[in-house]
Amino acid sequence: MTPLFDTYTTELLDFLYTAEKQEKAIDTAVIEEVARLVAEAEKEELTGPIVALFSRLQQLRRQHGWSAQKLGIERSGLEALAAKHQELDEHLVSVGGRVGQALAIVDKANKRVDAYLEKKDREAASGIELWDKILANQERIRQRLGMDEEEWNSFSGQIRHAVSSVDELAELIDLPAAAAADISRVTKNYRMRLTPYYTSLIMPGTVNDPIMLQSIPTGEMVDNAGIEIPPVAADHSPARLVDQFYPRVVTIKSTNMCAMYCTHCLRIAHIGKKDKMFSKQAYGEALDYIRTNKRIRDVLITGGDAFVLPNSMLRWLLEQLDEIEHVRLKRLGTRVPVTVPMRIDDELLDILEESNDRKPVRVVTQINTAREITPVSKEAFKQISKRVFAVLNQAVLLRGINDSKVKMWKLCETIQEAYVRPYYIFNCSYRNPQFVHFRVPVEKGRDIVESMYGNIVGDAIPRYIATAGGKIPMHRSNVIGHEGSELILKKPWNGEEVRYPDADPALYNDDRFSFSRYVD
Ligand SMILES: *Cc1c(COP(=O)(O)O)cnc(C)c1O
Ligand code: SF4
């Protein structure tokens, strides 16, 4: 009796048992090869050899027009193997489905990532891949700055030896003379400070190195036309240190200090003007505002950089927040794990865990290039991730740093491998003329973000956001039309259109739903 096959298998069998007219003579080596494949397929209780046999037969039929009959296999024998495959496979996948459909589909999909796989380690090398070079840089920088190993590995040592003058910088990295002169002009207005560790991530001889772009101010910052539009926060600060865009989330700008000053910082006018500790009264007023506003459930401690605060202050702030009944979650905003990962000490980790045990803590960081993930920053993130609910990344889409598919995909994959989840990609703000040169057109950003769907795992795909009085999602819609009750959807990864029947509105509005049908 002929077993029942699905259409894929029937089609494949029919194809294999029709021969083309102008078939070439079959050489004996091929007949022997096929006989061997048949023997293997028959021998073991495995699906692999059966798939290998059918794939080879399909290929020979396509390339030379040879039928399976001509190759010496009776149809009944092949049907028996197809039946065996179906019996073996736990999910009842037929050999026709696997060979005729699945393998071809996977093959086609693979091509979507081939260019990325080929380029990612060259065009967007991570700090892990470049670690040997970074270590050599570290050795050179450490000696030039007269730091011993212990100082290098401590937060205070990194801050004490932070690079803030152009002359010092020029001694540590390749800096063209013209650039050095220009930077001196800018640093009169904008502070520069690179930790020795962050400086070691710079690859000598690279024009527009992504680390340099983020940390060394260039002439454009003062030359760009336009005046700064006050940060949105300025019109959203209902209380001292507090910013509020949304009813249920507020930020406490807990310090104006950062370990490093970013060239693309939104708060460039306020951050790093002069390091200043804030008073307890200031925090007290912020906490009072939160205490009396019962709608607030999530509090973001930002800065500057929250991890620049002393441990004692962080502990106190978190304890204060945890005591407020309506505050249910906390976030800490910090770039320290990438600029000076040595700051992540055991005491800080304990503070995070203690607070997280009371109510969830998320650490929100900013990583803009895979280069910023090194074995050291990865270790810091790993330790943090063990103590808190989530570690999230808010990247900024920046020209030359991450404005290509390869660079952005690599960034998202690399941080995920470092225990950090991509959360947002911000379009670079229009409000600050200081960094208009970093701005990337929204359409380009959309191309980059949409290209991740279907190619990058879902929880490594960030949301693309423009900040304009709050965060506005910028993704393209993949609902491109509708016909009757069917929506027409577009697959972001290949543009293919699919129809998607929507829920039946009559059914949805029917009051007689499930258990309510039993009630009269
Ligand atoms: C970003 C931000 C938030 C948090 O927004 P989420 O979408 O919840 O991440 C809250 N308040 C201010 C002022 C912000 O800038
Ligand atoms: S870490 Fe954040 S707040 Fe600090 S300079 Fe960079 S972007 Fe600005």
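Q: What makes Ser-126, Ala-370 and Ile-373 count as residues that Thr-414 touches?
A: Contact means heavy atoms within 4.5 Å, and Thr-414 touches Ser-126, Ala-370 and Ile-373 when residues up to four places away in sequence are not counted. This is a predicted model, in which local features need pLDDT of at least 70, side-chain atom pairs count only at pLDDT 80 or more, and totals for chains, interfaces and linings use all residues. Residues are numbered from 1 along each chain as its sequence is written, chains are lettered from A and ligands numbered from 1 in the order in which they are written, and side-chain values use heavy atoms, with hydrogens and water left out.

Q: Why is Thr-414 called buried?
A: Buried means under 20% relative accessible area, exposed means over 50%, and partly exposed lies in between (1.4 Å probe, protein chains only). Thr-414, which is found in helix H19 (residues 405-417), has a relative accessible area of 7%, and therefore counts as buried.

Q: Why is Phe-389 called exposed?
A: Phe-389 has a relative accessible area of 55%, which is over 50%, so the word exposed applies. Phe-389 is found in the loop between helix H18 (375-387) and strand E6 (390-397), where helices (H or I, at least four residues) and strands (E, at least two) are DSSP runs, numbered from the N terminus. Leaving aside neighbours within four places in sequence, Phe-389 is in contact with Asn-356, Pro-360, Val-361 and Arg-362.

Q: How do you know that Arg-75 forms a salt bridge with Glu-79?
A: A salt bridge is a side-chain nitrogen of Lys or Arg within 4 Å of a carboxyl oxygen of Asp or Glu. The closest N and O atoms of Arg-75 and Glu-79 are 3.1 Å apart, so the pair meets this definition. Both residues lie in helix H4 (residues 75-88), four residues apart, about one turn of the helix. At 26% relative accessibility Arg-75 counts as partly exposed, whereas Glu-79 is buried at 13%.

Q: What makes Arg-343 and Asp-345 a salt bridge?
A: Their side chains meet at 3.6 Å, N to O, which is within 4 Å, and therefore the pair qualifies. Arg-343 is buried, with a relative accessible area of 4%, while Asp-345 is partly exposed at 31%.

Q: Why does the salt bridge of Arg-476 and Glu-443 tie together parts that are apart in sequence?
A: The side chains of Arg-476 and Glu-443 meet at 3.1 Å, N to O. Arg-476 lies in the loop between strand E9 (471-473) and strand E10 (479-483) and Glu-443 in helix H20 (residues 442-450), so the pair links parts 33 residues apart in sequence.
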